[in-house]
Amino acid sequence: MTMTDRSEAMAELDSFFRAARAAAPVPSEDLMARILADAATAQPKAPAWAAVPAPTPAPIWAPAARARAGWLGLRRRFLPALGGPGVVAGLACAAVAGAWIGFLQPAPLAGLASRVTGQSAMLEQIDLIPALDTYLVADTGE
Amino acid sequence: MPYDAMTEAPDDALLALYANGDGAAARVLTERLAPRVLRFAARMLSDPAEAEDVTQEALLRLWRIAPDWRRGEAQVSTWLYRVARNLCTDRLRRKRPLGLDAAPEVEDDRPGAVARLQAAERAKALDRALSRLPDRQREAVVLRHIEGLTNPEIAEVMEISVEAVESLTARGKRALTADLAGRREELGYDDDRSI
């Protein structure tokens, strides 16, 4: 086969490829419906707390119901903003633990504080701003 | 995102939208990708029903991988062609337990000679000639000359080198040319320009 014959043959083959592209099968409506049904089934669901439904307006003749609806609406708005119920629960635990440690000063923590500050006094007896006493004395003219 | 704007969005952006719960993105992706997978599978399997099953299965795998899809690492279409190719290969293996390229020639159920080979007849003749090619040559030729992928894209789909793709398409085209030329008398276009 000469070069000319080969190029003619390839050009002819290209016409077959063009014809094949034009006669390509098209997905049936049934196939498209099946694929979309699969897509709907496999689609990841958004987290439930991410949706913020509009609060239902409480009737004006029921102030208790209105207050309850207002509280629920506030909670629904703030929970997602803070990261969801799990994060809010964690924050609440941390706050309670902090308050408990501050008021009771458990022995292990008091010991740790003594080592850090070099004083053996309780936390409320540590003078964090020693100059303040001088200032107060000077201010009162004593 | 509005539906019209989605039709211009790249595949991976639509896949991210789908993973975030946007149902319209799935429709746009399906309309864009399903015809391509179906065309490829139909030419690989020569069986419309099986080609539809492969298309549905390939898209289902795309939906499942959507939440874990990492943008920029691969093209969605290339990944999908690779999945479709593997599904087709599995089906062809089940059909041909003796091996991919050791199968006997497909029986030709072509009708009698026609006065002139029209475009539709040419498409059918090419499909028959393609079905007689070894599988890997057929894959390479279909992806290159019918689906319009570049050689590097085909290399990614077939997991071979670009040089191997070039070799497969060249051999495939030579075999197609010889096959179609050898059957021109049967096809009844002897008076047409020779191939």
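Ala58(B) touches Val37(B), Leu80(B), Val83(B), Ala84(B) and Leu87(B), leaving aside residues up to four places away in sequence; two residues are in contact if their C-beta atoms, placed from the backbone, lie within 7 Å. This is a predicted model, in which local features need pLDDT of at least 70, side-chain atom pairs count only at pLDDT 80 or more, and totals for chains, interfaces and linings use all residues. Residues are numbered from 1 along each chain as its sequence is written, while chains are lettered from A and ligands numbered from 1 in the order in which they are written.

**Nonpolar core**

- The largest nonpolar core has 59 residues, and Val37(B), Ala41(B), Ala58(B), Leu80(B) and Ala84(B) touch the most other members.
- Such a core is a set of buried Ala, Val, Leu, Ile, Met, Phe, Trp, Tyr and Cys residues joined through C-beta atoms within 7 Å.
- Helix 3 (residues 23–45) of chain B gives the most to this core, 13 residues; helices (H or I, at least four residues) and strands (E, at least two) are DSSP runs, numbered from the N terminus.
- The core lies between domain 1 (1–95) and domain 2 (103–195) of chain B, because both give residues to it; the domain bounds come from an automatic or database domain assignment.

**Contact with chain A**

- Chain B has 36 residues in contact with 28 residues of chain A.
- On the side of chain B that touches chain A, two or more residues come from each of helix 2 (11–19), helix 3, helix 4 (48–65), helix 6 (119–131), helix 7 (135–146) and helix 9 (162–182) of chain B.
- Helix 3 of chain B supplies the largest share of that side, nine residues.
- By type, the residues of that side are 21 nonpolar, seven polar and eight charged.
- Ala, Val, Leu, Ile, Met, Phe, Trp, Tyr, Cys and Pro count as nonpolar, Asp, Glu, Lys and Arg as charged, and the others, Gly among them, as polar.

**Leu17(B)**

- Leu17(B) lies in helix 2 of chain B.
- Leu17(B) is buried, with 20 other C-beta atoms within 10 Å; the cut-offs are 20 or more for buried, 12 or fewer for exposed, and in between for partly exposed, with C-beta atoms placed from the backbone.
- The C-alpha atoms of Leu17(B) and Ala66(B) are separated by 9.2 Å, and the two residues are 49 residues apart along the chain.

**Confidence**

- Chain B averages a pLDDT (the predictor's confidence in each residue, from 0 to 100) of 84, and 80% of the residues score at least 70.
- In chain B, helix 4 has the highest confidence, at 96, and helix 10 (residues 184–187) the lowest, at a mean of 60.
- Residues 98–116 of chain B stay under 50 in pLDDT, and the model has 19 contacts beyond four places in sequence for them.
- The model scores ipTM 0.79 and pTM 0.62.
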